[in-house]
Amino acid sequence: MGKFFDSLFGSGREPERILDDDPGPTLAEELEETRAALSELRSQIRRAGSLLPTLASSHMRQIEDILRLLLDYVTEHGASTEQRVLLHSIAADYLPTSLRVYRALPPETQTDESPETEKLLEQLDILHATALDLDHQVRTGAIAELSAHGRFLRDKFDVDGVRIHPDGPQFGREGGSR
């Protein structure tokens, strides 16, 4: 009877903990995966180039350029986990999926004026706007971080109105000496 109740309500023991020994990729590995995804994306766009409508090919290259420059910036200055995940997702999934699905359509639907091309261009507009917004968010975050650091330094080193200027120390808030 005890085993029956234990099976329904547990035995009162702590459940076994499952430890994950794999901490996941390091930041450098994560950024390298994104760089590889961008390289693969560039290759896919080039391979499909003559088969894509000119506007679609151009739009994909613009998005890829934004992502590549942003990745360089993120590598040097950093970004939040969410921003890095979105960057990787656009490069490795969202844009390649749009390209792959469009390329799987019958060739007669892949014309400049077809409804299918219009749908692709709508998707590319969304991805382009998302890439620009992500770029803005990452760079604005750096500006906010710089401003916060500036406030920290001002609070830490602006002791009793003494400020250090290139012309030497000056006293008082107006910048004149006493």
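**Entry 1: H3 and H4**

How do H3 and H4 run relative to each other, roughly parallel or roughly antiparallel? I looked this up at the start. H3 and H4 are roughly antiparallel to each other. Angles under 35 degrees count as roughly parallel, over 145 as roughly antiparallel, 65 to 115 as roughly perpendicular, and the rest as oblique.

I noted the ground rules next. The model is predicted, so local features need pLDDT of at least 70 and side-chain atom pairs count only at pLDDT 80 or more, while totals for chains, interfaces and linings use all residues. Residues are numbered from 1 along each chain as its sequence is written, and side-chain values use heavy atoms, with hydrogens and water left out.

Back to the pair. Two packed helices are described by the angle between their axes and the distance between the axes. Helix H3 covers residues 54–77 and helix H4 covers residues 81–103. Their axes come within 11 Å and cross at roughly 160°. I kept the meaning of an axis beside this: a line fitted to C-alpha atoms, for helices over the stretch in contact, with angles running from 0 to 180 degrees between N-to-C directions. The crossing of H3 and H4 is left-handed. That term applies if the near helix is turned anticlockwise from the far one by less than a right angle, and right-handed applies if clockwise.

I then listed who touches whom. From H3, the contact uses Met-60, Ile-63, Leu-67, Leu-70, Leu-71 and Val-74. From H4, it uses Arg-84, Leu-87, Ile-90, Ala-91, Leu-95 and Leu-99. Contact means heavy atoms within 4.5 Å. By class, the contact of H3 with H4 has 11 nonpolar residues, no polar ones and 1 charged. Here Ala, Val, Leu, Ile, Met, Phe, Trp, Tyr, Cys and Pro count as nonpolar, Asp, Glu, Lys and Arg as charged, and the others, Gly among them, as polar.

**Entry 2: H2 and H4**

I turned to the other partner of H4. The axes of H2 and H4 come within 9 Å and cross at roughly 20°. That makes H2 roughly parallel to H4. This crossing of H2 and H4 is left-handed. On the H2 side I found, among others, Glu-30, Leu-31, Ala-37 and Leu-41 in the contact. On the H4 side, the residues include Arg-84, His-88, Ala-92 and Pro-96. The contact of H2 with H4 has 13 nonpolar, 3 polar and 4 charged residues.

**Entry 3: Salt bridges**

Side chains of opposite charge can pair when their charged atoms come close. I searched the whole structure and got 7 salt bridges. The test is a side-chain nitrogen of Lys or Arg within 4 Å of a carboxyl oxygen of Asp or Glu.

Which residue does Arg-84 pair with? Its partner is Glu-30, with the closest N and O atoms 2.6 Å apart. Arg-84 lies in helix H4 and Glu-30 in helix H2 (residues 27–48), so the pair ties together parts that are 54 residues apart in sequence. Both Arg-84 and Glu-30 are buried. Buried means under 20% relative accessible area, exposed over 50%, and partly exposed in between (1.4 Å probe, protein chains only).

Arg-68 and Glu-64 form another salt bridge, again with closest N and O atoms 2.6 Å apart. Both lie in helix H3, 4 residues apart, about one turn of the helix. Arg-68 and Glu-64 are buried. Shared partners join Arg-42, Glu-64, Asp-65 and Arg-68 into one network of salt bridges.

I also checked Glu-40 and Arg-47, whose side chains meet at 3.3 Å, N to O. Glu-40 is partly exposed at 38% relative accessible area. Arg-47 is exposed at 55%.

**Entry 4: Two single residues**

Leu-121 is found in helix H5 (residues 115–157). Leu-121 counts as buried, at 11% relative accessibility. Beyond its neighbours within four places in sequence, Leu-121 is in contact with Leu-55 and Ala-56. Leu-121 and Leu-55 are 66 residues apart in sequence, yet 8.0 Å apart in space, C-alpha to C-alpha.

Ser-57 sits in helix H3. Ser-57 is buried, with a relative accessible area of 9%. Not counting residues up to four places away in sequence, Ser-57 touches Ile-45, Gly-49 and Leu-52.

**Entry 5: The whole protein**

I counted 5 helices and 2 strands. Helices (H or I, at least four residues) and strands (E, at least two) are DSSP runs, numbered from the N terminus. Along the sequence the pattern is α-α-α-α-α-β-β. Of the 178 residues, 29% are buried.
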